[in-house]
Amino acid sequence: MSDSILRRNNVKVFGQGEQPLIFAHGFGCDQNMWRFVTPAFENNFKIILFDYVGAGKSDRSAYNKERYASLNGYAQDVLEICAALNIRNSIFVGHSVSSMIGLLAALEQPNHFEKLIMVGPSPCYINDDGYFGGFDRKDIEGLLETMDKNYIGWSNFLAPNIMGNKDRPELGAELTESFCSTDPVIARQFAEATFFSDNRQDLMKLRTPSLILQCSDDIIAPLEVGDYLAKNLDNSTLRVMKATGHCPHMSAPAETIDLIEEYLLNGS
Amino acid sequence: MQLLSFENAPCFYFSADDAGLLIAVNNTTCEELGYKNDELKDKPLSTILSLPSKIFFQTHLLPILKLHNFAGEIFITLQRKDHQAVPVLINAQREIRNDGSITMYAGIAVHNRKKFEDELVNARKQAEEMLRENTALAQTTNALQANLEELDLTLSIAKKQNDELKQFSHVVTHELQEPLRKLSLYTSMLESEGKQSRKFDLESVIKKLTRVSQKFKSIVHGLQQYTWLSESSLKIKKLDLHKILSVVEAQLREQFPNVSFSIEAENLPEIEADQHQMIILLQQLLSNAIHFRKENEPAIITITCAIIQQNKFRHIADKYKYEDFVRVEIVDKGQGFEPEYGEHVFELFKKLHVQSGEGIGLSLCKKIVENHHGQIFAESKPMLGTTFVLFLPLKRHPLATVST
């Protein structure tokens, strides 16, 4: 059971430390995006990298449309990996949507997690009465269209897809590389699960301490969203980064590493 | 040979630094997007992207460029100064230089191609829609889903009954054998020795006999309780767990009149369950915590709850339906037990502490939780205390309201 989970999610474990440090990638990429950050922690932590089912080099035949229709299925990936590796008191670093996936996992099995580090998190992307998420529904529909267009060259993209198609032929290596190996149908469903998610009600349930790394100019998670999170998450620390954009772990790895180290050393 | 100028080339051509600021923009781009020459210099690249393309840029394009330094045939939508959209196909190349990296973008507008692709995407969506709307298919899918849910439930019940049967036969073959063996031993002692010796201590044998038969009785009583819980039909209604807890707390004050204990509970929700069984459940778990408090210390119990979502399918592989469950955590700082007993504490007549009762309480709890299609786990460390974690569905499945 545990071996099959580790294969399914392409789990990589390395580093000389004891305490587990889990890095979870966000929407649009895979575990590769952590490569500028992980070396700084190798000496003191046991580093765990993985790809969600459907992303990177995960086992795509394990993809299940019902399971991954909401972030719950992705949280189950995290919990199953934690169980397979017998993890307790880990530090979970989640980029973007993985912050909320980590939160859902920590609500269900708090013992696996000692601290959550959220990089560019948002509990809800769509504006709502009195809440500013940054987007309207039509913006997200526009994104889905952009994604559709970018996958139009893919074999099988134009075939109607209603049930999980396990016989989908392997996709061209070049395109696979260029989109961090995400299958179009899966990527679209992940986009929907991500951008239509609303976890605002879950925030106040979290008891695990958390660090919110908020970029200074991030259209996907604007400053207002970071403030909202800090206000609604007990035991949270908000740090606004100099880094701009949505991927500080790629664009400003040094600042990202410093802030994580500082938090782990001093707590909040 | 004359050098080519890209300023008026029939394509979009611009560059940006790693901070996302435009360094150079050719005339064609400025004109097509409705800007004056040089107006875009040092502006953020996002100025000329539509909002959806900004998201795509951040989540897809930048990570690719950072990892591979090249991205080709990417569809994005540029935004004119007057907010009109211009669909564009671009290539991007990132170059690492001494004074920082720059990324060059070259693209062509694809108005016509976009129309054609829109048609393709629409055709695909229609095909999908037709498949989805096919009523016969939909009905079959619904029926199948209902059947699967029922099957999963039946599997739960079958598994539960099988587990119970195993535990029963264990009780009958082991737990009841022991007092029986003693009973027959003592009666044969009465028979043989009582005749021979006058010094024979009749009183002590009678005492032993009484003790053994009481033990026998308590086991049978426990079994009765256990079977009664399985056979009695559940009366499901909406319950306020706070009210249930105050009923239980009053019972506990009577049961432990001279013990100092406190129960703190937060966020107890309303759930659809059988009132009587919920009372037994909390009663057993809490009296356990009070019973096994640390010597000379008050029992301090905290109950916390959170609503989470769990897959309701427990047995059928590859079926998922996430529904609301309440996660209840009951923590005591009592004597605790060795962690390896974790799963066994719920077995019928499993006793970990010598001074405990018949060893039926926690198996009743497991049974009640399973009657409600939930799960229960125990975690403990000696002298640190015990934590029970329960997952109970908030809403009762209509199929499950029949007797289980």
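**A working chat on chains A and B**

Me: How much of chain A is buried?

Reply: Of the 268 residues in chain A, 61% are buried, and please keep in mind throughout that this is a predicted model.

Me: How many helices and strands does chain A have?

Reply: The secondary structure of chain A comes to 10 helices and 7 strands. As for how its parts are brought together, 76% of the contacts in chain A between residues at least 6 apart in sequence join residues at least 24 apart.

Me: And what is the accessible surface of chain A?

Reply: The accessible surface of chain A is about 10200 Å², and carbon and sulfur atoms account for 48% of that area.

Me: Switching to the interface, how many residues are in contact between chain B and chain A?

Reply: On the chain B side there are 45 residues, and they are in contact with 59 residues of chain A. The area buried between chain B and chain A is about 4500 Å², with 61% of it given by carbon and sulfur atoms.

Me: How many salt bridges and polar contacts go across?

Reply: The count between chain B and chain A is 5 salt bridges, and the rule finds 15 residue pairs in polar contact across the interface, with both residues at pLDDT 80 or more.

Me: What does Asp118(B) meet in a salt bridge?

Reply: The side chain of Asp118(B) meets that of Lys149(A) in a salt bridge, at 2.6 Å from N to O.

Me: Now His246(A): where does it sit, and is it buried or exposed?

Reply: His246(A) is in the loop of chain A between β7 (236–240) and α9 (248–251). It counts as buried because its relative accessible area is 1%, and buried means under 20%.

Me: Which side chains does His246(A) make polar contacts with?

Reply: The side chain of His246(A) makes a polar contact of 2.8 Å with the side chain of Ser96(A), and a polar contact of 2.8 Å also joins the side chains of His246(A) and Asp218(A).

Me: And what is His246(A) in contact with, leaving aside neighbours within four places in sequence?

Reply: His246(A) is in contact with residues of chain A, among them His95(A), Gly120(A), Ile220(A) and Ala221(A), and its contacts also include Gln58(B) and Thr59(B) of chain B.

Me: There's a histidine in chain B too, His68(B). Where is that one?

Reply: His68(B) is in helix α2 of chain B, and it is partly exposed, with a relative accessible area of 32%. Its C-alpha atom is separated by 30 Å from that of Glu32(B), 36 residues apart along the chain.

Me: Back to salt bridges: how many over all chains?

Reply: By the rule used here, the count comes to 34 salt bridges over all chains. One of the pairs is Arg8(A) with Asp77(A), at 3.5 Å from N to O. Arg8(A) lies in helix α1 (residues 2–8) and Asp77(A) in helix α2 (residues 71–84) of chain A, so this pair ties together parts that are 69 residues apart in sequence.

Me: Are those two buried or exposed, and what network are they in?

Reply: Arg8(A) and Asp77(A) are both buried. Arg8(A), Arg67(A), Asp77(A) and Glu80(A) are linked in a network of salt bridges.

Me: What about Arg113(B), what does it form a salt bridge with?

Reply: Arg113(B) forms a salt bridge with Glu117(B), the closest N and O atoms being 2.8 Å apart. The two residues are 4 apart in helix α3 of chain B, which means they are separated by about one helical turn. Arg113(B) counts as partly exposed at 38% relative accessibility, whereas Glu117(B) is buried, with a relative accessible area of 5%.

Me: And Asp42(B) with Lys41(B), how far apart are the closest N and O atoms?

Reply: In that salt bridge the closest N and O atoms are 3.9 Å apart. Asp42(B) counts as exposed at 53% relative accessibility, while Lys41(B) is partly exposed, with a relative accessible area of 43%.

Note on methods. Residues numbered from 1 in each chain as written. Chains lettered and ligands numbered in written order. Predicted model: local features only at pLDDT ≥ 70, side-chain atom pairs only at ≥ 80, totals over all residues. Heavy atoms only, no water. Buried < 20%, exposed > 50% of the residue type's maximum accessible area, 1.4 Å probe, protein only. Contact = heavy atoms within 4.5 Å. Areas by Shrake-Rupley, 256 points an atom, 1.4 Å probe, with all protein chains shown as cover. Buried area = accessible area lost by both parts, 1.4 Å probe. Salt bridge = Lys/Arg side-chain N within 4 Å of Asp/Glu carboxyl O. Polar contact = N/O pair within 3.5 Å; in protein donor to acceptor, adjacent residues only side chain to side chain.
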